[in-house]
There are 2 protein chains.
Amino acid sequence: MSLDAPTDHTGLRVMGAEECLERLASVPVGRIAFTGNGKVAILPVHHVVKGVDVCFRTSGGSKIEAAADHASVGFEVDSYDPSTRSGWSVTVSGIATVVDDDGLVVELEASDPTPWTMGDRSREVWIRIRTDELSGRELTRT
Amino acid sequence: MSLDAPTDHTGLRVMGAEECLERLASVPVGRIAFTGNGKVAILPVHHVVKGVDVCFRTSGGSKIEAAADHASVGFEVDSYDPSTRSGWSVTVSGIATVVDDDGLVVELEASDPTPWTMGDRSREVWIRIRTDELSGRELTRT
């Protein structure tokens with residue numbers, strides 16, 4: 001971290017886009033936030049990064065699938081160390097859609113052959129979040 | 001885990017309310033999801049549990065404070081182990097409000113004397129999520 005790295009009003013270091021994408025891909029699990037039935041829901045998912053977009057599997061008929069019809073969603077990854085009260089997070093804002101391109105599904109399956117959950121594989125769908133905004137913050141102590 | 005523990009349609013073990021609250025308090029950082037300007041935002045926060053509610057500090061004038069005017073929000077904590085592809089999560093759905101009870105602020109400050117971020121303490125506010133729904137899932141491999 002250089003001394004003149006940009007910080008926000010709470011003293012957090014602001015990451016550039018490239019670092020955001022690296023961090024996004026550096027952890028296997030993130031959280032998707034979406035609205036449904038007038039409520040805001042948030043669920044952890046095992047994700048892969050495709051270009052600047054975030055993709056993950058979900059069960060056919062899930063709450064997420066229902067919400068992913070070109071809806072605005074949020075996505076977040078983070079890592080923290082309670083012993084030093086330090087950590088970082090990257091957040092994505094974008095539009096979620098069900099992947100209906102068979103070629104892309106094959107590509108995604110190949111890039112991530114082992115799902116984390118044990119639902120009915122035949123009903124599984126991939127969701128892609130097309131990233132509109134990407135933001136990253138780091139909290140360090142010197 | 002007993003053999004007849006309830007599971008959902010993806011094979012995840014469903015936690016009872018008491019276990020959800022224990023897990024919620026067992027980690028120092030969770031993520032709040034809320035809507036603002038037609039988008040769904042998600043941010044990590046350092047939280048404390050008060051009864052069945054979740055409380056955390058935020059900077060005065062923050063996006064979260066603006067969104068916390070009796071709005072429906074989601075909150076999530078989790079923990080996972082990539083080496084075994086296992087983990088758990090607890091999610092909260094509720095209404096967020098700014099804490100304006102001075103007695104409660106004193107109590108919250110006492111229960112959590114060391115903030116994680118370094119913003120202007122004098123402008124800080126506490127947000128309380130009044131829990132409507134509490135849900136927990138665990139993914140284990142046997």
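## Basis

In this predicted model, local features need pLDDT of at least 70 and side-chain atom pairs count only at pLDDT 80 or more, while totals for chains, interfaces and linings use all residues. Residues are numbered from 1 along each chain as its sequence is written, chains are lettered from A and ligands numbered from 1 in the order in which they are written, and side-chain values use heavy atoms, without hydrogens and water.

## Helix H1 of chain B

Helices (H or I, at least four residues) and strands (E, at least two) are DSSP runs, numbered from the N terminus. Helix H1 of chain B covers residues 17–26, and its buried residues are B:Cys20, B:Arg23 and B:Leu24. They fall within an arc of 105 degrees seen down the axis of H1(B), so they line one face of the helix. The arc is that of the directions from the helix axis to the C-beta atoms. Buried means under 20% relative accessible area, exposed over 50%, and partly exposed in between (1.4 Å probe, protein chains only).

B:Glu18, B:Glu22 and B:Ala25 are exposed on the other side of H1(B).

## Two copies

Chain A is superposed on chain B by a rotation of 180 degrees with 0.0 Å of shift along its axis (RMSD 0.0 Å). The two copies are thus related as by a two-fold rotation axis. The superposition is by least squares on the C-alpha atoms of residues with pLDDT of at least 70 in both.

A:His70 has a positive phi near 60 degrees and is not a glycine. At 58% relative accessibility, A:His70 counts as exposed.

B:Asn37, also not a glycine, has a positive phi of about 55 degrees. B:Asn37 counts as exposed at 82% relative accessibility.
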